[in-house]
Structure formats: structure tokens, C-alpha cells
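Open the model in your viewer and keep the sequence panel beside it. The stops below say what to select next and what is there.

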Amino acid sequence: MGHLDHATFGWLTPVLSYAMACTGAALGLRCTVRALAATGRARRNWLLAAASAIATGIWTMHFVAMLGFGVSGTEIRYDVPLTILSLLVALVVVGAGVFAVGYGRDRGRALALGGLTTGLGVASMHYLGMAALRLHGSVRYDPMLVGLSVVIAVVAATAALWAGLNIKSPLAVVGASLVMGGAVSSMHYTGMLAVSVRVSPSGEALPGATVMQFVFPLAVGLGSYLFLTSAFVALSPTAREREASAAAQRPVESAAR
């Protein structure tokens with residue numbers, strides 16, 4: 001049985017992955033608030049931004065945490081197509097949940113359906129990412145802990161969507177994103193506690209890419225997207241600010257006539 005180390009770089013990867021989850025959650029919540037105050041194409045665009053932010057934050061959290069994952073007695077590689085598929089799954093299912101809430105007439109039903117769909121999708125993303133692991137040996141899972149991680153994912157997703165519907169102020173969004181980031185991180189590490197590896201030493205080369213060849217550059221790119229988009233959202237005027245600006249311009253235009 002190989003010894004599993006979930007933090008080969010100490011606290012660096014857990015803290016950084018938590019920061020990624022919180023950033024994605026905060027950005028997603030702010031975009032959802034903007035979406036619910038908009039109509040037509042603007043609402044759709046804000047919901048797309050919210051879905052991409054939450055999904056990117058969750059995916060980046062997972063693989064930044066995986067940077068610190070190691071197994072004694074074997075190297076680790078990642079199957080590139082499966083890793084990319086896990087990202088696409090996260091984008092699609094989070095998008096489905098966000099749009100269900102953003103356009104649903106029955107908020108309670110939309111929240112329940114969106115939370116379940118998104119939570120199952122987040123869990124699928126996690127275990128697809130784990131399926132992308134290539135090592136000398138076999139990976140096994142504790143069914144009870146796997147089930148617990150799925151429950152945490154559904155609860156976290158439902159809480160995230162509820163927060164998007166009900167939390168408006170920036171300070172409340174910060175608090176909610178910290179809680180949501182903790183929930184996503186808890187889901188990840190609960191899922192990782194379910195893992196055990198039986199190592200079969202071999203001299204054969206493993207297929208796939210190393211974490212530094214593929215996962216690290218992709219995680220850095222997606223993390224940069226989160227921070228740049230956060231800056232854009234923070235600087236863009238809200239619907240209330242645009243209305244106030246338009247109202248202030250009307251007297252000036254009337255006086256000029």
C-alpha cells in the first residue's frame with residue numbers, strides 16, 4: 001500500500017486552493033447579483049460569467065490541491081483529455097445550475113434542481129479528475145467517504161445558488177464566498193480521504209503529462225482569468241450606478257436645450 005501525502009508542499013497548496021475556490025465563489029456571486037438586476041442579453045452574459053467563474057474556481061481549487069498530492073513508490077502523470085473533460089463537465093453543469101436559478105420562475109424548485117445538478121456535476125468533475133491519474137498501481141475508494149463527498153458537493157452547490165439569489169451587499173458576498181470556499185475544499189479533501197493506492201513497482205514509463213507540464217500551467221492560466229475578471233467586475237458600474245448616472249445627465253441635457 002502506497003503512502004499518500006496530500007500536502008507535499010506543506011500548507012501552500014491547501015491555502016492556495018482555498019483562495020482559488022473563494023475567488024471563484026465571490027466572482028460568481030457578484031456576477032449573479034448583476035444578472036438578476038439585468039434583463040435580456042445582459043442577464044444571459046452575466047449568468048455565463050457567473051457560471052464560468054464558479055466552475056473555474058472549483059476546477060482550479062481541485063488541481064492546485066492536487067499539486068501537493070504524492071504517492072510513495074510511484075510517479076504520477078495525468079491523462080490530458082480526461083483532465084480537460086473534467087473542466088468541461090464543471091463548466092456545463094455549473095452553467096445549468098446557474099441558468100436554472102437565473103431564469104426559473106419557481107425559485108424554490110429551481111434552487112433544489114440547480115443545487116442537485118450542480119453538486120453532482122462538481123462531484124463528477126472531482127472524480128473525473130481523479131480518473132485522469134496515471135501511476136504504477138491501482139486506486140481504490142471508500143464508498144462511505146465518496147458518498148459523503150457527494151453530499152457535501154450538493155449542499156455546497158445549493159448554498160452557493162441560494163447565496164446568489166439572496167445576498168446582495170459586497171460584504172455579505174465576501175462572507176458567503178469564504179464559507180463556500182471552505183465547503184468546496186471540504187468536499188475535495190473528503191474525496192481524497194476516500195482514496196487508497198496499492199502500488200505495483202514498475203520500470204515502465206507512465207503515459208500522460210506531469211503536473212508541471214500540464215496541470216500547473218493550466219491552473220495558473222485559469223487563476224489569472226479569475227483575478228482579471230474579478231477586476232473587470234469590480235470596475236464595471238452596477239445597474240443602480242448606471243441609472244444614477246443617467247438621471248444626473250438628464251438635467252444637464254435639459255439645461256443645454
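Helices (H or I, at least four residues) and strands (E, at least two) are runs assigned by DSSP and numbered from the N terminus. The model is predicted, with local features needing pLDDT of at least 70 and side-chain atom pairs counting only at pLDDT 80 or more, while totals for chains, interfaces and linings use all residues. Residues are numbered from 1 along each chain as its sequence is written, and side-chain values use heavy atoms, with hydrogens and water left out.

**Stop 1: Gly164**

Select Gly164, which sits in helix α5 (residues 143-166). Gly164 has a relative accessible area of 2% and is therefore buried; buried means under 20%, exposed over 50%, and partly exposed in between, with a 1.4 Å probe and protein chains only. Not counting residues up to four places away in sequence, Gly164 touches Leu29, Thr32, Val33 and Leu36, where contact means heavy atoms within 4.5 Å.

**Stop 2: Ser177**

Go on to Ser177 in helix α6 (residues 170-193). Ser177 counts as buried because its relative accessibility is 4%. Its contacts, leaving aside neighbours within four places in sequence, are Cys22, Ala25, Ala26 and Leu29. A polar atom of the Ser177 side chain lies 2.7 Å from the backbone oxygen of Val174.

**Stop 3: His136**

Select His136, in the loop between β4 (133-135) and β5 (137-141). His136 is buried, at 12% relative accessible area. Show Glu204 as well: its backbone oxygen is 3.0 Å from a polar atom of the His136 side chain. Among the residues that His136 touches, not counting those up to four places away in sequence, are Thr74, Glu75, Arg198 and Leu206.

**Stop 4: two salt bridges**

Side chains of opposite charge can pair when their charged atoms come close. A salt bridge is a side-chain nitrogen of Lys or Arg within 4 Å of a carboxyl oxygen of Asp or Glu, and the count by this rule is two.

Select Glu75 and Arg77, whose closest N and O atoms are 3.5 Å apart in a salt bridge. Which of the two is buried? Arg77 is, with a relative accessible area of 18%, whereas Glu75 is partly exposed at 49%.

Then select Arg134 and Asp79, a salt bridge with closest N and O atoms 3.6 Å apart. This pair links distant parts of the chain: Arg134 is in strand β4 and Asp79 in the loop between β3 (76-78) and α3 (80-103), 55 residues apart. Arg134 is partly exposed at 25%, and Asp79 is partly exposed at 22%.

**Stop 5: the second largest pocket**

Finish by selecting Phe9, Leu12, Thr13, Leu16, Met20, Val64, Leu67, Met212, Phe216, Ala219, Val220 and Gly223, which line the second largest pocket. The elements giving two or more residues to this lining are α1 (12-36) and α7 (211-235). Helix α7 gives the most, with five residues. A pocket here is an open set of points on a 1 Å grid over the protein atoms alone, where a 1.4 Å probe fits, with protein on both sides within 12 Å along at least five of seven lines; lining residues have an atom within 4 Å of a point.

How values were computed: A polar contact is a pair of N or O atoms within 3.5 Å; within protein, one must be able to donate a hydrogen and the other to accept it, and residues adjacent in sequence count only if both atoms are side-chain atoms.
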